[in-house]
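These are notes for a colleague who is opening this structure for the first time. Please keep the sequence and the model side by side while reading.

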Amino acid sequence: MSGATGTVAAVDLGATSGRVILGRVDGRGAGALEIRQVARFANDPVRLASGLHWDLTGLYRNVTAGLTQALREAPDVASIGVDSWAVDYALLRGERMLGEPFHYRDERTAAGVEAVHAIAPFDELYRRNGLQFLPFNTLYQLAAEQRDASDGVRPGWLDLADTLLLVPDLIGFQLTGRRVAERTNASTTGLLGIGSREWDDELIERLRLPASVFPPLVEPGETIGSLRPEVAAELGAGSRHPLSVVAVGSHDTASAIVAVPMQPGSAAYISCGTWGLVGVELEHPVTSDAARAANFTNEGGVDGRVRFLHNVMGLWLLSESVREWERDGQTVDLAGLLAAAASVTAPVAVFDANDPRFLAPGDLPGRIAEWCREHDEPIPGSPAEFARSIIESLAQAFADAVRTASILSGVDVETIHIVGGGALNELLCQRTADRSEIAVLAGPVEATAIGNVLVQARAQGFTGAGIESLRALVAQAFAPRRYEPR
């Protein structure tokens with residue numbers, strides 16, 4: 001452990017909400033870790049005539065307001081780090097953003113998939129980038145950008161842009177003025193070589209994408225730059241030493257996995273929020289035909305680790321169902337709904353949580369009922385039964401993904417760690433333990449922000465060097481809750 005002590009600010013942007021969290025790390029003796037949320041705000045998409053977009057302008061306003069509050073409460077903040085969801089991007093020309101970024105759930109990506117696979121079939125892509133097939137991966141979105149301008153009458157945004165920035169890199173640019181691509185998030189674009197961990201220039205050229213828009217790559221822990229003077233003044237940073245923005249595992253799952261207090265050789269993780277990211281941590285990627293057939297992905301982790309995982313639809317199924325009931329005029333108390341779901345004794349349908357029909361916003365209960373009807377499964381008759389069906393289906397999908405990850409990677413899984421918002425869902429944690437027949441350790445809930453804090457703290461010299469020492473801090477500060485299979 002280092003003898004230093006200090007505070008950093010983590011900006012953690014999820015697909016439904018964002019937060020600014022202060023983290024204090026005391027590297028003396030056995031070390032100590034504390035976090036405190038200072039701001040939380042909604043992150044709601046907006047549907048425009050052009051499609052479903054993120055309100056990045058409003059999101060940035062909330063980020064700066066949160067950082068202002070953080071600096072007011074902790075003037076000694078040493079650095080700022082930003083993480084967010086993956087794959088979505090903004091195009092810039094000079095200092096100007098060319099429109100609000102599209103949301104990955106927008107319907108436009110289907111045509112992009114067809115266009116990419118006509119040039120590079122999926123089996124070739126998997127050998128090159130190691131990524132599972134998801135129709136919204138960045139390379140498919142960029143192919144959709146090209147198709148939008150294929151009439152030749154008008155230039156597309158890609159023709160006008162000089163830079164492409166993923167969401168956390170965009171926030172970093174607004175704060176510092178420097179354009180970079182953090183490597184863990186860049187690994188989700190489909191345009192990073194699985195072996196080289198560099199931009200795949202050959203694939204970029206074959207897809208007729210402008211290579212000039214892809215910025216230099218940086219590693220977690222590198223300093224991106226100091227706050228622009230006008231930003232420092234807006235945040236109330238004053239005339240003290242320049243406040244730096246540090247690259248973290250800017251893909252939120254990369255940060256979350258840093259904060260999983262696990263032994264990678266015998267554990268699986270589930271980072272459970274809007275999505276459920278289920279997998280194991282490896283030293284080397286797995287790009288076998290079996291891994292491709294199972295649709296497992298190899299994404300970049302902090303310190304060159306590999307996040308070998310499968311995306312499961314996650315608690316989106318529940319939250320979007322609740323939104324649909326509220327749109328119909330019902331009042332839904334989530335705690336009460338989960339308690340009622342736990343009391344359901346009649347058999348409920350276990351549906352395929354990975355069915356693509358559940359991806360788009362809208363009437364999720366109606367689509368679940370449609371799936372049940374098609375597969376001769378009992379159709380839930382009340383919100384409690386729908387919630388129980390969702391929980392059982394997620395637990396089964398999680399158990400199946402853990403089992404497959406173990407087989408494909410050779411990791412003998414003895415414990416499953418659930419972090420993120422799903423760690424608060426007692427029914428989901430217990431049913432995952434039951435269906436997998438493996439003990440579940442739940443927590444910490446704010447794993448993503450904690451991982452963000454720890455990578456910054458290490459860069460500032462407040463902690464030891466290895467991920468294992470960071471995880472030891474987490475284990476000491478946040479005791480998990482254990483669920484034994486019944």
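1. Two strands are said to pair if DSSP finds at least two bridges between them, and the elements themselves are DSSP runs numbered from the N terminus, helices being H or I over at least four residues and strands being E over at least two. Strand S1 (residues 5–13) pairs with S2 in the antiparallel sense over nine bridges, and a hairpin of three residues joins S1 to S2. Thr-5 has Asp-26 in S2 as its bridge partner.

2. This is a predicted model, in which local features need pLDDT of at least 70, side-chain atom pairs count only at pLDDT 80 or more, and totals for chains, interfaces and linings use all residues. Residues are numbered from 1 along each chain as its sequence is written, and side-chain values use heavy atoms, with hydrogens and water left out.

3. S2 also pairs with strand S3 (residues 32–42), again in the antiparallel sense, over ten bridges, and Leu-22 has Arg-36 in S3 as its bridge partner. Eight of the ten residues of S2 (residues 17–26) are buried, so S2 is largely enclosed by the rest of the structure; buried means under 20% relative accessible area (1.4 Å probe, protein chains only).

4. Turning to the helices, Leu-56, Tyr-60, Val-63 and Leu-67 in H1 meet Val-167, Leu-170, Ile-171, Gln-174 and Leu-175 in H6, where contact means heavy atoms within 4.5 Å.

Note on methods: Buried means under 20% relative accessible area, exposed over 50%, partly exposed in between (1.4 Å probe, protein chains only).
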